[in-house]
Amino acid sequence: TQVRAALIANSNINQANYDVTTSDGVVHLLGVTPSEVELRLAAEAASRVMGVREVKSHVLMATDPRARL
């Protein structure tokens, strides 16, 4: 998808940390990230894709105990 391509294009984002789903212009980011900075960059990259109206994060920080389940 265009959102996945936007994540890949940014060398500061490890796109393997994220699953992406889209529906009616709403992007859902899912996964586990090592840092708030990377999550912010991923959300910003997704929001710049044409047609995206909203980005919702369902991403856990790597330090969150739920990320190890």
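**Notebook: helices, sheet and core**

I started with Glu54, which sits in strand 3. Strands here are DSSP runs of E with at least two residues, helices are runs of H or I with at least four residues, and both are numbered from the N terminus. The model is predicted, so I note that local features need pLDDT of at least 70, side-chain atom pairs count only at pLDDT 80 or more, and totals for chains, interfaces and linings use all residues. Residues are numbered from 1 along each chain as its sequence is written, and side-chain values use heavy atoms, with hydrogens and water left out.

**Glu54**

(Buried is under 20% relative accessible area, exposed is over 50%, and partly exposed is in between, with a 1.4 Å probe and protein chains only.) I then looked up what Glu54 touches: Gly25, Val26 and Val27, leaving aside neighbours within four places in sequence. Contact means heavy atoms within 4.5 Å. I also checked Glu54 against Arg68: they are 14 residues apart along the chain, and their C-alpha atoms are separated by 28 Å.

I traced 3 strands in an open sheet, order 1-2-3, with mixed pairing. Strand 1 and strand 3 are the edges, each pairing on one side only. Two strands pair if DSSP finds at least two bridges between them. Strand 1 and strand 2 run antiparallel and are joined by 6 bridges. In that pair I noted Asp19 opposite Leu30 of strand 2, and Ser23 opposite Val26 of strand 2. The two strands make a hairpin with 2 residues between them, and Asp24 in the turn has a positive phi of about 50°.

**Helix 1**

Which residues of helix 1 are buried? In this helix (residues 2-9) I listed Val3, Arg4, Ala6 and Leu7. They cover an arc of only 160° around the axis, so they lie on the same side of helix 1. The arc is taken from the directions running from the helix axis to the C-beta atoms. On the face turned away from that buried side I found the exposed residues Gln2, Ile8 and Ala9. The buried residues pack against strand 1 (18-23), strand 2 (26-33) and helix 2 (36-47).

**Helix 2**

I checked the length of helix 2: at 1.5 Å a residue, its 12 residues should span 16 Å, and the end C-alpha atoms are 16 Å apart, which agrees. The expected span is 1.5 Å times one less than the number of residues. Buried here are Glu38, Leu39, Leu41, Ala42, Ala45 and Ala46. Their arc is only 160° around the axis, which puts them on the same side of helix 2. The cover over them includes helix 1, strand 1, strand 2 and strand 3 (54-61).

**The core**

Which residues have the most contacts inside the largest nonpolar core? I got Val3, Leu7, Ile13, Tyr18, Val27 and Ala42, in a core of 15 residues. A nonpolar core is a set of buried Ala, Val, Leu, Ile, Met, Phe, Trp, Tyr and Cys residues joined through side-chain atoms within 4.5 Å. Helix 2 gives the most to this core, with 5 residues.
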